Amino acid sequence: MNELAGKIISGDIRSIARGITVIENDDAGSALLLKELYRHTGQAYLIGITGPPGGGKSTLVDKLIKLYRGQKKKVGVLAVDPSSPFSGGAILGDRVRMQQHATDGGVFIRSMGSRGHLGGLALSTSDAAKILDAAGYDIIIFETVGIGQSEVEVAGRVDTTVLVTVPGLGDDVQVLKAGTMEIADIFAVNKADREGVERCVIELGQLLSIKEMDQSTFLPPILQLVAKDNIGVAELASAVGKHREYLMADNRLDQKRKARLKSEVHNIIINRLDKWARARLTREMEAGEDLEGLYQKRTDPYTVAERFIKELQI
Ligand SMILES: Nc1nc2c(ncn2[C@@H]2O[C@H](COP(=O)(O)OP(=O)(O)O)[C@@H](O)[C@H]2O)c(=O)[nH]1
Ligand SMILES: [Mg+2]
């Protein structure tokens, strides 16, 4: 076995950090590492915390870390910011906030930014989670900023998704329009110490009531929290536990994870094709020949694309 993989499995923190760097930089070693680690994964439970910036996600994660550490669980946190091309940059504040856990070997916190390839963020986050999983972390939390496509993608990579909203933000409905309604297993209305919390809860309830459900559907609870004062956090953890139990029944978790694996394979294919296409276009089209031919109407974009694709023999 690859030395790094061996050290990751033994739980060595420095090696875990190095492994995630390998993945983020998309080094050739990345696939090799994941191939070795994959069969050691599957024990961790993955929780996604998503919602608008400033909603209190990091504050909540910080409290959840404490709670799970109290249960002797090892906790890994991946703070995902699609708007940041550099890992760590935009969410440095989060690191500072969670720094008190820095000396606890049972906690691993890492910020991850976009890698610039199609589906790259979802892929690198999933891979980073696999590293933590193989290293023996029991709970892995993805904190994702915002409500865009990347978050929906990342949310698809976890077992339980918690949507954090805050009263009076004015964009509640917008949040739900973005498809987040479908992915949320639990609604956490944070900053319940502020005005408008009841209205927010009622609105969410109304939106939920129009969601198509049958007897076997998990009814997402709407919880009120004051994360900064650790109010409602235990209830949230308990709701996550209930959702986990729901998934464990009738093989739902197996099914969910199988669907996830399929989407991961899809993602790897797309990611590599995207990379290939970029490299191929740079090589061919910057020579000018094709571009000039296209521009002068000697050929057309479809013909050029199809000629490239043929090289792939698909
Ligand atoms: N009033 C109030 N403020 C909170 C609460 N939870 C977090 N905050 C504050 O909201 C701000 C943003 O929190 P943060 O956790 O960084 O949000 P994130 O961007 O979603 O990760 C910080 O100043 C927190 O102290 C809460 O329950 N009530
Ligand atoms: Mg944050």
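Begin the tour by selecting Val-265, Ile-269 and Leu-273, which together make a nonpolar surface patch of about 240 Å²; patches are built from residues with over 30% relative accessible area and no salt bridge, like charges being joined within 9 Å and nonpolar side chains (Val, Leu, Ile, Met, Phe, Trp, Tyr) within 5 Å. Accessible areas come from the Shrake-Rupley method with a 1.4 Å probe, and for residues only the protein chains shown count as cover. The model is a predicted one, in which local features need pLDDT of at least 70 and side-chain atom pairs count only at pLDDT 80 or more, while totals for chains, interfaces and linings use all residues. Residues are numbered from 1 along each chain as its sequence is written, chains are lettered from A and ligands numbered from 1 in the order in which they are written, and side-chain values use heavy atoms, with hydrogens and water left out.

Val-265 lies in helix α11, residues 252–285, where helices (H or I, at least four residues) and strands (E, at least two) are DSSP runs numbered from the N terminus. Asp-274 is buried at 16% relative accessible area, whereas Arg-278 is partly exposed at 43%, buried meaning under 20%, exposed over 50% and partly exposed in between (1.4 Å probe, protein chains only).

Next, select Arg-257 and Asp-159, whose salt bridge has a closest N to O distance of 2.7 Å. This pair links distant parts of the chain, 98 residues apart, with Arg-257 in helix α11 and Asp-159 in the loop between α7 (149–155) and β5 (160–165). Arg-257 is buried at 19% relative accessible area, and Asp-159 is buried at 0%.

For another setting, move to Lys-228 and Asp-229, which meet in a salt bridge at 3.4 Å, N to O; here Lys-228 is exposed at 53% and Asp-229 partly exposed at 45%. The structure holds 13 salt bridges.

Finish at helix α4, residues 57–70, whose 14 residues reach 20 Å from the first C-alpha to the last, close to the 20 Å expected at 1.5 Å a residue, the expected span being 1.5 Å times one less than the number of residues. Ten of the 14 residues in α4 are buried, among them Leu-60, Val-61, Leu-64, Ile-65 and Tyr-68. After α4 comes Lys-72, with a positive phi near 65 degrees.

Definitions and conventions. A salt bridge is a side-chain nitrogen of Lys or Arg within 4 Å of a carboxyl oxygen of Asp or Glu.
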